[in-house]
Amino acid sequence: MTPRRIEAGYLPGLAAADVQWQILPFGEGVDRVEVAVPVLTAAQMTALAARVRAAAARHLKTMSVSDIIAVIDRAVARLLDPHDPVRRDADALLPRVSGYDAEMVRLGLTGFLRTFRAPQLHRFVAEDFANPKVLDGFQPAAKGGAVRAYGPDLLVHSWAGNVPALALWSLVCGLLVKAGNVGKLPTAEPLFAGWFARVLAEVHPPLADCLAVVWWRGAGGEDAEALYAQADTVVAYGGNAALQAIQQRLPVTTRFLAHGHKLGFGVVSAQALDALQAPALARRAAWDVMRYDQQGCYSPHVFYVQRGGEVSPRDFAAYVAAELANLQRRFPRRALDLDESAGVAKWRQAIEWQPARAGADDGLIGDPGAAWNVAYTDRAPALAPTALQRTIVVAAIDTLDQAVDAVAGLARYLQTAGVAAAPHELYALAERLGAAGVTRISALGAMSVPEAGWHHDGRFNLLDLVRMTEIESSAEAAAEPYASYEP
């Protein structure tokens, strides 16, 4: 059977026949898909960037932010419609390209897209701007005078593909600040960004030339250099080495917003561990481990569980293991490649070979051949990455402060902490976690589903993209004598 061939990317003004295409194969047998990604010359990339910049100046920058939100909302509504052809392709093809369970992808994509409906986007903008109209024109400033926010003329995105559709975060941010947008597809998931660009152009044709979606392998060559040379701002996701390689290519005047690898963890208070609540809490914790096999920057690697509750930390670990077993039946883990399988085996081996400690109950829980792994330890280890692929450590602690001590000195890698605690504990713990470097505190079960408008890595999603222009009160006052109504 001939595998299905799909053209990825989005190239306004360029005919497919004028572009070279690289085939990326995914899956095997009847599930095999061949994704053709565009390979542009440096000249084509420069021309494409100029086209996007000019179109954004003509169309996107003349729209109000409310009108832009309405357009995005219509596009997202199409993608939420299970009968829409693009959504049907997404449900059918993203599992085959990513390897994730089809039902996990369907549910995850629906939940993710809901955060980009109009009410959520209005909150998104209001989170960064007390008066969102500063994106449309000069507005009165509290200190006097007036202020306006201007987005970049050309915003370039370098996306990671560890989670399907992840490109939507930064692409929507770029649209909200009225930038021309060019995004570089991730090789691991090269489909969704192009689909979204096409749907957006269909629901509002004037935006058709205001964004483009391209590809190059690895760090790229002259094509990447040509695009980066045109950018006012670059937003990039990935490992630290990849981010450093991008930064070295940029002119010193180009704003660079990097999002590197992060670590998540959970903290469970003894007060949350009564016989009624603990099983449900373990179920929510297991969902955070299961979603996309811990590939997100917000995924947990360790749960620090306080002693002294009705349910012990060891029993809580057993509950998590049982829930992961249930989730494996409902959402099977994707097939691992050789490197991933070796990583899991090495992680398990390191735990199995740890010297036994008198009175300790350390060790792995469950079937060694299962597609998930729970390790329990009676002590509080420093936070460290697991092997991913549904591998989690449950560590017993005596006080909640021990969890803070376990992440001390890791501020550059910290992002999300999932917390289950009483209100007075939550706020006291949040103070220390924030000081340690944590930028997001959620409930267990919500670690891997950030709210619309969350401050990614503790930064502003939109404010970091704009520059502010101020009319000082002195300029206003100086203008008054020249008014026609003055005597």
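Predicted model: local features only at pLDDT ≥ 70, side-chain atom pairs only at ≥ 80, totals over all residues.
**Helix α2 and its partners**

Helix α2 spans residues 65–80 and packs with helix α4, residues 102–114. It also packs with helix α6, residues 168–176. The table sets out the two pairs.

| Pair | Axis separation | Angle | Residues from α2 | Residues from partner |
|---|---|---|---|---|
| α2 and α4 | within 10 Å | roughly 160 degrees | V76, L79, L80 | T110, L113, R114 |
| α2 and α6 | 9 Å | about 145 degrees | V65, I68, I69, I72 | V172, L175, L176 |

Take α4 first. Its axis crosses that of α2 at roughly 160 degrees. Angles over 145 degrees count as roughly antiparallel, so α2 and α4 are roughly antiparallel to each other. Their crossing is left-handed. On the α2 side, V76, L79 and L80 make the contact; on the α4 side, T110, L113 and R114 do. By class, these residues are four nonpolar, one polar and one charged.

Now α6. V65, I68, I69 and I72 of α2 meet V172, L175 and L176 of α6. This contact has seven nonpolar residues, with no polar and no charged ones.

**The largest pocket**

The largest pocket holds about 800 Å³ of space. It is lined by 37 residues. Closest to its centre are A160, N162, G238, G239 and H261. Which helix gives the largest share of the lining? Helix α9, residues 240–249, does, with four residues. By class, the lining has 19 nonpolar, 14 polar and four charged residues.

Methods
Residues numbered from 1 in each chain as written. Heavy atoms only, no water. Axes fitted to C-alpha atoms, helices over the stretch in contact; angles between N-to-C directions. Helix = DSSP H or I, 4+ residues; strand = E, 2+ residues; numbered from the N terminus. Parallel < 35°, antiparallel > 145°, perpendicular 65-115°, else oblique. Left-handed = near helix turned anticlockwise from the far one by under 90°. Contact = heavy atoms within 4.5 Å. Nonpolar A, V, L, I, M, F, W, Y, C, P; charged D, E, K, R; others polar. 1 Å grid on protein atoms, 1.4 Å probe; cavity = no way out; pocket = protein on both sides within 12 Å on 5 of 7 lines; lining within 4 Å. Points joined across faces, edges and corners; volume = space filled by probe spheres on them.
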